Amino acid sequence: MNELLVQNSHADTREWWRGSVIYQVYPRSFADSNGDGIGDLAGITAHLDHIASLGVDGVWLSPFFTSPMRDFGYDIADFCDVDPIFGTLADFDALIACAHQLGLRVIIDQVYSHSSDQHPWFRESRASRDNPRSDWYVWADARPDGSPPNNWQSVFGGPAWTWDARRGQYYLHNFLREQPDLNFHNPAVQEAALAIARFWLERGVDGFRLDAINFTMHDPELRDNPPAPDTGGLRTRSFDFQQHIYNQSHADIPRFLEKLRALADSFGGRFTVAEVGGPAPEPEMHLFTEGATRLNSAYGFNFLYADRLTPALVRDAVEGWPHAPGIGWPSWAFENHDAPRAISRWIAPEHAQAFARLKMLLLLSLRGNAFLYYGEELGLTQVEIGFEHLRDPEAIANWPLTLSRDGARTPMPWSGDAPRLGFTSGQPWLPIGPDHAGLAVDRQEVDPDSLLNLTRRLIALRHANPALMTGSITIREAGEALLVFEREAQGQRLLCAFNLGERPVALPEDFRGRRVLQAVNGGTAELLPAFAAVIAD
């Protein structure tokens, strides 16, 4: 394989997060240190050397906070402590120290839109209408007939309102009924959120991913959402029948984000990235990252729920983030804890190995930050989870029409021959993938042509080339199968070509005679076989 790396001349001046590669860890599923079948912080710390060996810039930890685990950590009962199943604050401090020693930045989730119903704030808020935190959550009176205040629906299905007899009112929950929405129109709630952020910044975290941040504020008038047009597609949730105009995305959200950004900047070198979902999130993502006073980046869902990877999909995603003043910086992921494994969504099993190599090069060639999901460097597949083993509340509620998120949250395979593949000495909290032994870390370590080792080389290639790290991107061709784009920065111009189809395709004339920096699956400067790719300068 032809690999010629170009010196990265801007390494000392680039903000560490711009163009970075971040590795997402789902703590329950990464490594279990105490044999209870659930991954924990000490297990993560013990395997940080694997993450560092990839050459990534940082690690993102999904929630590890105190929680009843109705939504597996996204229902938080204490924003400033570690749930005992994951360890202690001392374990977190040890993880931070080890990561920093290895040169890894650490970002963590902040979940501001809601808490657990077991949080002391909510317990106090629901106790009466006149207590000090009575307005910390979204409460509303019933309609005259006793029905909910409006027609808003929950993401997980059913009305977004639950009656509470203590208050004689309904409370809002955009997700589970056990996840009541905080009232971010209340300045005291905003100050409490900023205090949470300060707590973790003072413990040494390097940034935040802001979960469901567009759900943080609602329409105070509680107007009904209009119906969504029927496009003919399958709608499994009542949530899918509405346009979500009033239950989320309030115009005051950016003002809070400016406060958060100012706090993060006061600590120096911190990174903030928004998670913004929805059918057309780009305007909001741009709003949340506009200028120099809002968030550093926004995390796109363009690829996470797509059933196919096509040139048109890539073109539309990257052209939504032009290289222009005032436009924010994108972050991309092909996989995460909420979406089925891409290798199972996008390609037939017989082509999975080749396709995994292609998609890794594509992700690491896009303009923006690249988020790798744990096990993506191994090519992990989606695991079929039987109903009796389901833990995902959305999948349980909508069985069998909603594909379980559990299938993308299964244990990390460390050793192909070890019991439970080295994840735990106990019973894993989710079943292990039947084909994951052959993809285990130890088996790929010894194979120089494995996806794991290719991933290391591709991340090194990205870091060594300013055009790939921070350069502009121009789509040159987005046909039925062939995708061609140009990356350019600091006088370096790279041509990148990807064949997303099963038949060979010839490359345009301007590839001829160029030096190949990287090729996968037999790609050359003249021809791309099936699922092949090439980067040339």
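**View A. What covers the buried residues of helix 9.** In this predicted model, the cover over the buried residues of helix 9 includes strand 12 (329–333) and helix 11 (352–363), along with strand 14 (472–478) and strand 15 (482–489). The residues under that cover are P311, L313, V314, A317 and V318, which are buried within helix 9 (residues 311–319). Looking down the axis of helix 9, you will find these buried residues within an arc of 160°, so they line one face of the helix. As a handy reminder, an α-helix has 3.6 residues a turn, so residues three or four places apart point the same way.

**View B. The largest cavity and its lining.** A search of the whole structure turns up one cavity of 30 Å³ or more. The largest cavity holds about 40 Å³ of space. Around the largest cavity you can pick out F79, V111, Y112, W121, L182, F184, V189, A193 and I196 as its lining. Helix 6 (residues 187–202) contributes the most to this lining, with three residues. Sorted by class, the lining has nine nonpolar residues, no polar ones and no charged ones.

View C. Between strand 6 and strand 8 (residues 169–172), the antiparallel pairing spans two bridges. In general, strands of a sheet pair through backbone hydrogen bonds, either parallel or antiparallel.

Notes:
Residues numbered from 1 in each chain as written. Predicted model: local features only at pLDDT ≥ 70, side-chain atom pairs only at ≥ 80, totals over all residues. Heavy atoms only, no water. 1 Å grid on protein atoms, 1.4 Å probe; cavity = no way out; pocket = protein on both sides within 12 Å on 5 of 7 lines; lining within 4 Å. Points joined across faces, edges and corners; volume = space filled by probe spheres on them. Helix = DSSP H or I, 4+ residues; strand = E, 2+ residues; numbered from the N terminus. Nonpolar A, V, L, I, M, F, W, Y, C, P; charged D, E, K, R; others polar. Buried < 20%, exposed > 50% of the residue type's maximum accessible area, 1.4 Å probe, protein only. Arc of directions from axis to C-beta. Contact = heavy atoms within 4.5 Å. Pairing = 2+ DSSP bridges.
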